[in-house]
Amino acid sequence: MLLDAAERRVYESLTEERVRAQYVTAHALLRTVLGELLHREPSSLSFDKGPHGKPYLTDGSVEFSLSHSGELVAVALSLDAPVGVDVERVPEAAAELPLPVLSAEERAVFDRVPGPERSAAFATYWVRKEAVLKATGEGLRVDPARLTVAAPDRPAELLGRRGRAAVPENGEEAVQPHPPVRLYDLDAGPGYRGAVALLGAGPHRIVRRSA
């Protein structure tokens, strides 16, 4: 097995066979593609986590992000910018979608989406937001509703973000600066949605490879 001791402990703590298989596939794939890029044995790679839980290589400068959902696993690598990737299976039940993760602007658009298209539209919103929050390293410690991304039928773009900290004396919420974000949709195949985000002004070139 390519996993290290920490990864094996997580693997062994999982009780559902499908989840165990998904976990080991995702982490073995990550090690394999990083090892290929760095010309190193995948099992020799060492990882740690940053203050917000984002994993990083302890002895390498390659930025990476990992996501898995259903039967799909995605790994994103970057040599020059923080990166975040997310893939999600389109939910089957539109009535059970966690709509509070949408900003007011997104909700106004989403409420006009025809019923049969709502699950796919929501998944598009979600992967775009999650990709951005993975790239920044914040993850779901930041309320996704603070981000506003483009409508599902528009090219991926981060349109705005509300500040996440204190309220000034005038009662208006502070807007904190954040690095420029480049956001791209991924073709994740039928029944899935995917997105990748890179921090910095770019330009970035996205190369997609399927196993």
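Contact here means heavy atoms within 4.5 Å. By that criterion, and not counting residues up to four places away in sequence, Phe110 touches Leu97, Leu99, Leu102, Arg118, Ala121, Phe122 and Tyr125. This is a predicted model, in which local features need pLDDT of at least 70 and side-chain atom pairs count only at pLDDT 80 or more, while totals for chains, interfaces and linings use all residues. Residues are numbered from 1 along each chain as its sequence is written, and side-chain values use heavy atoms, with hydrogens and water left out.

**Nonpolar cores**

- A nonpolar core is a set of buried Ala, Val, Leu, Ile, Met, Phe, Trp, Tyr and Cys residues joined through side-chain atoms within 4.5 Å, where buried means under 20% relative accessible area (1.4 Å probe, protein chains only).
- The largest such core has 26 residues, of which Leu102, Phe110, Phe122, Val132, Leu183 and Ala197 touch the most other members.
- Two or more residues of this core come from each of α4, β6 (147–149), β8 (181–186) and β9 (192–199), helices being DSSP runs of H or I with at least four residues and strands runs of E with at least two, numbered from the N terminus.
- The most, nine residues, are given to this core by α4.
- Another core, of nine residues, lies apart from it and includes Ala26, Leu34, Leu45 and Val62.

**Helix α4**

- Because 16 of its 19 residues are buried, α4 is largely enclosed by the rest of the structure.
- From first C-alpha to last, α4 reaches 27 Å, close to the 27 Å expected at 1.5 Å a residue, the expected span being 1.5 Å times one less than the number of residues.

Technical notes
Buried means under 20% relative accessible area, exposed over 50%, partly exposed in between (1.4 Å probe, protein chains only).
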